[in-house]
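Here is a friendly walk through one protein model, written for someone new to reading structures. Keep the 3D view open and find each part as it comes up.

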Amino acid sequence: MFKRKLKFFFIGLISTTFILPQSIAASELNIVIDKDKIKSELKQVSKKENGPSIVDNAVKKELFTNFSKLQAENKNNRTSLQKKPAITDKDLEKSRRSYKKDMKVKLQSVERIDLTTVNDRGIILKIKETSSFDAAELGVQISNSTKLPNGQKLILVRVPDSVDYDTKLLELQKNSNFISADPDYIQQTSYIPQDPDYSQQYYLSKIGMEEAWDIQKGSSDVTIAILDSGVNASHPDLAGRVLPGYNFVNNTENSTDDNGHGTFIAGIIAANSDQVGIAGIDQQAKILPVKVTDSAGSSSTFDIVNGIYYAIEQNADVINMSYGGYSSSSIEEDAIWAAYDAGIVLVASAGNDSSSEWIYPASYAPVISAAATNEYDQNAYFSNYGDTVDITAPGEDIYSTAISSGYTYKSGTSFSAPMISAIAGLLKAQHPEWGPTEIEWALEHGAQVKTGKAWSQYNGYGIANATLALQSALPSLQGDASDSRNGAQTIQINTSVNQNMDLPFDSDWFTFDVKENSSLTVELSNLAGHIDLIGNLYKLEGNGLTEAGVVDSDLMGGTDSLTVNVEPGTYYLDVFDYYGRWSEQPYNVSIQMETGGEVNDNSLVAEVEPNDSMYSANWLPFGATGGGYFQTYDDLDFYEVNLPKSGDLIITTTTSNSAYYNDPAAMLVNSQGRVLDNSDLYADEMEDLKFLSFIYENIAPGTYYVVLTNLKDYSDNYNPYLFSLDYIEGSTAAFPDIQGHWAEKEINYLYDENLIGGYPDGTFGPNGSIRRSEAAAIIARQLDLPLMTSSFTDVPENHWASNYIGAAANAQIINGMTANSFNPDGNLTREQMAAILVRAHELKGSGQITFTDVNKDQWSYSYIETLVANNVTNGYENGTLFKPTNNITRAEFATMLYRVIAEKG
């Protein structure tokens, strides 16, 4: 396992021990620190050049810089891995939906709002039903308001020209009376006017409509809402197909089109097949016109949100949204989820800027994002692309109904989206019981792939094909892990299982029990390159769950892993895809546990107040760097940490050299509340940072509290402190039964590299045997081989090492006992180990073998010869015996592997 080996250049050392209060009752919440005693001993520092080689000041400086930047940007949103209040089952879905990757989220308070993207300096406020609202007191002007179906209110306010917009927005976002406050962003329709240069309605054959109509022509029971510029219901080709709608731009029931964009979309979806004009894709569905864009094609978020809730109230089955903007709104996202939960399929255009930037509403998770192609099945030159594209459809030179009574050509992703919406309408007619999840799956499953990939950022799942979508049968969910924790699939510790993201927004729940304090590693590996798995780890507390960690590497495909210290109890793992995508290829979830193992979580954890007692302590994974502020002159900050093994501990604090009012000191307190004596105190500085290091000797494993206090009697809300814990190199052994063992160094090295572990009782068992499955797992991890399911008949898919064995076999590093048999629980022999090492590390060389029990006609002769030539093995009894068919011991295995990767690497 990676360990920070950091070096001090000390300017001072205190060799005497300073005394702190010796005992504190477990019920007491305050610890009194004798600051004067510490300050007195600091004055006695004399220069000494040698100290523990633990803390790298350059690394601390980088962490300090990052922490300061994080806090400066967002002091009101500090993140921490502290213990959090229990989460109820009702909140779990909300937690999953609200999960955002930092790299994809910008806080509105960080950057100034571009007012050219905001409708008349507007801000949308979502207010609790019982909250009062006084516009004059808030310094804003009411422009509009509406009541949502759940009783909450939306109020559109205008910020006066004389008031700074960003300051007012931040003020409203902090106001506890408001659920949320978002700018009223302007969104534009997405089309490119074209002259009629191509054959009319070529797109119908491109999306397989001729065959599709033999299966399904649609149903008048299906309603497709078009949120747009309105619809000309009097157009001859739309006669009898348009329902009464609503105009949110002017707040009237007149939803007639004054732009042409909405009527054009209506024709693509539902033009009558009556041998006049054109043919719509869905020949029976009703159109619900919801006017949210004005005559210029612009819309406000406030009108759009009202339009979505209106479509919900009108029992729409599909909502088409052929518009977009590059700013997200939590209020709009809530409306989108409300529609999804009401069973509505949501479709939006991906945008026309040939950009990968996220555009909304297409980039909200529940929305099917439609990009555009041309008549040659190539991506349209204008079409957006990127992580959130789900599907494509023709978007160049589309022929449809004009605003009056004729027809015209237009281009844009605005006209790809209604093709998807129309096919969704046909699917709803074919399967009235299906919801948005099943319909999206069928659309994407039936799409025709042109790239050879299951999904790509340019085509999504491919070009829509109505025939194939209608012919798609839902995947079998037999054996699928439950979507709720009540039916969670049980995983045994140190095993793995395969599962699938079978449908969009699939969620798989797993559970396992931990019997003792342990180091737990959760690993998610998936072969599908378009899947970005997230794993939320929870611990059962009473009837609720507390967050224990998140498995997420910010990458699609590959492997995600999380290593955390865990206490005894029942744990749950909720696995889902960040983008809500599905895949026919399985993923693997592995739960590995090492008792007494070290966790080196190098994350940066910021305090969350209040944390001024043992009972409100923030949780700090061992190996992480903690940080915070002294909000008051007598502030004490408590952090709870599990120390994984016995040894000498160093706790180092860091802050700015210019922080005159800030001298952070770190005290170590045991679980009974007793302040432990430190053996040494070191002071150091580097450029603009200063350090204090506290040494604690012979600390046993278990739960402890690190308490931070300011030696200066001042508060400091400007300069943060950082601190970290490490073991002093050479002071610990990974396992108690290897102390003094001839292979202690090698075993410790491989343990630190996270390649080997011990037994549940905390021992290593150096003289025991190692199984073939264990050897495959170690080699696969060490080489970071791509995981794949084993093809051996005696290695089932749910075997904990199946993917490791498959990876090692595929790399031709380890062979089966026969063509179909691997014998995973069989012991590894010394000659098998020789072959594995030579193949895995491509060792070369030959030499004279002196082993009397190894003959040239043995299959393993060349492998053993190569190990000897590389000084990896000396054999037994002065080099006269190798004992090739003996089981290799765990200590011998560790030693050979160490010599290859550490000494040769």
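## A helix wrapped by its surroundings

Ser802, Asn803, Tyr804, Ile805, Gly806, Ala807 and Ala808 are the buried residues of helix α16. Buried means under 20% relative accessible area, exposed means over 50%, and partly exposed lies in between, using a 1.4 Å probe and protein chains only. After α16 comes glutamine 812, whose phi is positive, near 60°.

Before going on, here is how to read the names and values. Residues are numbered from 1 along each chain as its sequence is written, and the model is predicted, so local features need pLDDT of at least 70, side-chain atom pairs count only at pLDDT 80 or more, and totals for chains, interfaces and linings use all residues. Side-chain values use heavy atoms, with hydrogens and water left out. Helices (H or I, at least four residues) and strands (E, at least two) are DSSP runs, numbered from the N terminus.

## A parallel sheet

Strands of a sheet pair through backbone hydrogen bonds, either parallel or antiparallel. Two strands count as paired if DSSP finds at least two bridges between them.

In what order do the 7 strands of the open sheet with parallel pairing come? The order is β8-β9-β7-β11-β13-β14-β15. At the edges are β8 (246-247) and β15 (391-394), each of which pairs on one side only. Further in, strand β7 (residues 223-228) pairs with strand β11 (residues 318-321) in the parallel sense over 4 bridges. Leucine 227 has methionine 321 in β11 as its bridge partner.

Helix α8 (residues 261-270) lies across β7, β9 (286-291) and β11, and runs at about 155° to β7. Here, axes are lines fitted to C-alpha atoms, for helices over the stretch in contact, and angles run from 0 to 180 degrees between N-to-C directions. Contact means heavy atoms within 4.5 Å.

The loop between β13 (345-349) and β14 (367-373) holds proline 361. The peptide bond from tyrosine 360 to proline 361 is cis, with omega near 15°.

## A mixed sheet and a covered strand

Another open sheet has 4 strands in the order β28-β30-β35-β32, and its pairing is mixed. Its edge strands are β28 (618-619) and β32 (664-670), each pairing on one side only. Tyrosine 639 stands opposite valine 706 in β35.

Now look for strand β36 (residues 716-727). This strand is mostly covered, with 10 of its 12 residues buried. In β36, phenylalanine 723 is the bridge partner of glycine 626, and leucine 725 is the bridge partner of isoleucine 651.

| Strand | Partner strand | Bridges |
|---|---|---|
| β30 (residues 636-643) | β35 (residues 702-710) | 8 bridges |
| β29 (residues 625-630) | β36 | 5 bridges |
| β31 (residues 647-656) | β36 | 6 bridges |

## Two crossing helices

Two packed helices are described by the angle between their axes and the distance between the axes. The axes of helix α17 (residues 830-841) and helix α18 (residues 861-869) come within 8 Å and cross at roughly 70°. Therefore α17 and α18 are roughly perpendicular to each other. Angles of 65 to 115 degrees count as roughly perpendicular, under 35 as roughly parallel, over 145 as roughly antiparallel, and the rest as oblique.

Which residues of α17 and α18 meet? Glu831, Ala834, Ala835, Leu837, Val838 and Arg839 in α17 meet Tyr863, Ile864, Thr866 and Leu867 in α18. By class, the contact of α17 with α18 has 7 nonpolar, 1 polar and 2 charged residues. Ala, Val, Leu, Ile, Met, Phe, Trp, Tyr, Cys and Pro count as nonpolar, Asp, Glu, Lys and Arg as charged, and the others, Gly among them, as polar.

Lysine 883 lies in the loop between α18 and α19 (890-903). Lysine 883 has a positive phi of about 55° although it is not a glycine, and its relative accessible area of 26% makes it partly exposed.

Phenylalanine 505, also not a glycine, has a positive phi of about 65°. Its place is the loop between β19 (495-499) and β20 (507-514), and at 24% relative accessibility phenylalanine 505 counts as partly exposed.
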